[in-house]
Amino acid sequence: MNALPRISETEWEIMRVVWARHPISAAEIIETLVAQDATWHPVTAKTLLNRLVKKRVLGFDLDGRSYLYRPLVRERDCVNAVSSSFLERVFGGSLSSMVAHFVEHRKLSAKQVRELRKILDE
Amino acid sequence: MNTGPIAEFLRQLGAASVQASGLAIVVWMACAVLGRHLSPRWRCLLWSLVIVRLGWPFSIPSEVSLFNLWAIPRRFTPTDWVPCYLPEELSNAANACLNRAWVIWVWMAVSTVLLLHWSVTWYLSVQIRRNARPVRSWKLRELLHQCLETTHTKAPVPLLESSRVAGPCLVGWIQPCLLIPTGLVDELSENELKLVFFHELAHLRRRDVAVNWVLSAVQIFHWFNPLVWLVARELRTAREEACDAAALATIPGANRSYGETLIKMLERPSPPLEWAHFAPSPGLTSMVGNSRLAVSPLAQRLRAISRFRPGARTWVVGACTWLALACIGFTDAEPPAATDGPDPSEIAPSTASASQSEAA
């Protein structure tokens with residue numbers, strides 16, 4: 001599978017604001033975040049914005065003197081790497097024994113997907 | 001013989017395991033022979049018989065028991081709950097095994113590890129549920145509401161979204177909620193979403209999360225029996241097929257679309273689970289990676305989806321099979337009469353003759 005951008009939980013909060021409305025300036029992002037959760041600090045938000053730009057998840061355009069941010073990836077393409085990822089990485093595969101899922105997820109090669117599609121054609 | 005309480009418990013456990021294995025083989029044969037005459041729902045119920053057998057180490061001696069095949073019935077004893085009966089050779093082997101303390105320690109160690117693993121998985125599922133956000137999309141909430149009405153589900157089901165689940169799933173046993181991956185509303189059409197919801201609501205009606213717990217408990221105790229893992233896999237496969245059938249019965253003619261939805265969900269990028277294939281799992285299917293074996297339960301499921309036809313299914317075959325297997329599987333072989341004690345059939349005539357001579 002291609003390397004998909006991995007976004008932490010806090011970066012995800014910023015991305016949700018941008019996906020909801022873009023292009024959007026840093027000030028507006030911070031304003032929305034603080035309105036949702038007063039513990040957001042503007043400096044933290046700016047650091048994370050820079051990190052997201054470096055990860056090529058966010059792009060920016062210069063509008064006058066301020067930057068307007070826009071998302072470079074779709075929400076569904078982002079994989080959430082959360083802080084408790086150790087637990088999830090080791091035990092996430094056995095979650096299927098705890099939940100009732102639609103389909104037990106596993107990585108399939110393109111060939112296997114084609115084989116499965118052929119079954120539907122039969 | 002080691003008469004410690006754990007050894008005694010293990011003796012009963014082992015006996016139940018052996019007997020349940022016999023029942024499992026018969027169930028497997030019944031499924032193979034009856035084939036399509038047995039709907040996935042009845043297959044689930046048949047496999048559940050084996051699981052209940054594993055969890056219930058007592059039985060009633062009877063002439064019709066399956067396990068008479070390895071014992072010679074002496075006489076019919078009154079219906080009484082007795083511990084599972086094993087033939088003498090197996091019983092002696094079991095006792096010899098349990099005489100060694102290390103066997104008991106190994107069983108306890110592995111069971112504890114499995115229990116810990118299950119507990120951590122449970123904790124993880126609680127975390128994921130706690131971190132999930134209520135779905136903002138009005139369209140999704142409305143769709144779920146329509147599905148709840150169609151299936152006459154009275155209890156409300158919270159709809160939450162999470163970026164930490166790979167696909168839609170039902171979480172929780174006492175207050176189940178439906179978790180969907182973020183962004184699903186953009187990827188699936190309205191009909192496809194409905195099919196997914198109907199599948200999950202079928203899981204809800206069948207209380208499959210609770211069944212999962214029972215399965216896990218059985219696997220923690222009976223980890224030493226490989227058949228138990230295979231039975232768990234068969235039960236889970238049959239269960240998914242039963243929920244597929246329930247969903248397709250609600251929207252007839254959507255076979256192709258349903259199959260495509262399934263494949264689409266598999267193609268989605270999943271949360272990072274690099275170690276998933278190495279972690280021990282109570283579900284056998286999770287242990288298998290990208291081998292062909294991993295594809296075949298999926299292939300079986302897709303075939304069942306494309307062949308599904310709504311309409312009256314004969315439940316008679318399923319019900320009769322279930323009743324028959326319950327009778328022969330939940331009764332026990334009659335234990336041979338004690339060779340030391342007097343034979344009651346010999347006593348009765350002599351007491352009768354004694355009482356006659358007294359009366360005379």
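Let's start with the sheet in chain A of this predicted model: three strands make up an open sheet, ordered β2-β4-β3, and their pairing is antiparallel. β2 (24-25) and β3 (58-63) of chain A sit at the edges with a single partner strand each, so one side of each has no neighbour in the sheet. Strands of a sheet pair through backbone hydrogen bonds, in either the parallel or the antiparallel sense. Follow β3(A) across to β4 (residues 66-71) of chain A and you'll find 6 bridges joining the antiparallel pair, with A:Leu58 opposite A:Pro71 in β4(A).

Now for the helices of chain A. Here α2 (residues 26-36) packs against α3 (residues 42-54) at an angle of about 125°, the axes being 10 Å apart. The crossing itself is right-handed. On the α2(A) side, the contact uses A:Ala26, A:Ile29, A:Ile30 and A:Leu33, and these meet A:Pro42, A:Ala45, A:Lys46 and A:Leu49 of α3(A). Sort that contact by class and you get 7 nonpolar residues, 1 charged and no polar ones.

Over in chain B, have a look at β4 (residues 159-162). β4(B) pairs antiparallel with β3 (residues 133-134) of chain B through 2 bridges, and B:Arg133 stands opposite B:Glu161. With β6 (residues 177-181) of chain B, β4(B) pairs in the parallel sense over 4 bridges, placing B:Leu160 opposite B:Leu179.

Conventions
Residues are numbered from 1 along each chain as its sequence is written. Chains are lettered from A and ligands numbered from 1 in the order in which they are written. This is a predicted model: local features need pLDDT of at least 70, side-chain atom pairs count only at pLDDT 80 or more; totals for chains, interfaces and linings use all residues. Two strands pair if DSSP finds at least two bridges between them. Axes are lines fitted to C-alpha atoms, for helices over the stretch in contact, and angles run from 0 to 180 degrees between N-to-C directions. A crossing is left-handed if the near helix is turned anticlockwise from the far one by less than a right angle, and right-handed if clockwise. Two residues are in contact if their C-beta atoms, placed from the backbone, lie within 7 Å. Ala, Val, Leu, Ile, Met, Phe, Trp, Tyr, Cys and Pro count as nonpolar, Asp, Glu, Lys and Arg as charged, and the others, Gly among them, as polar.
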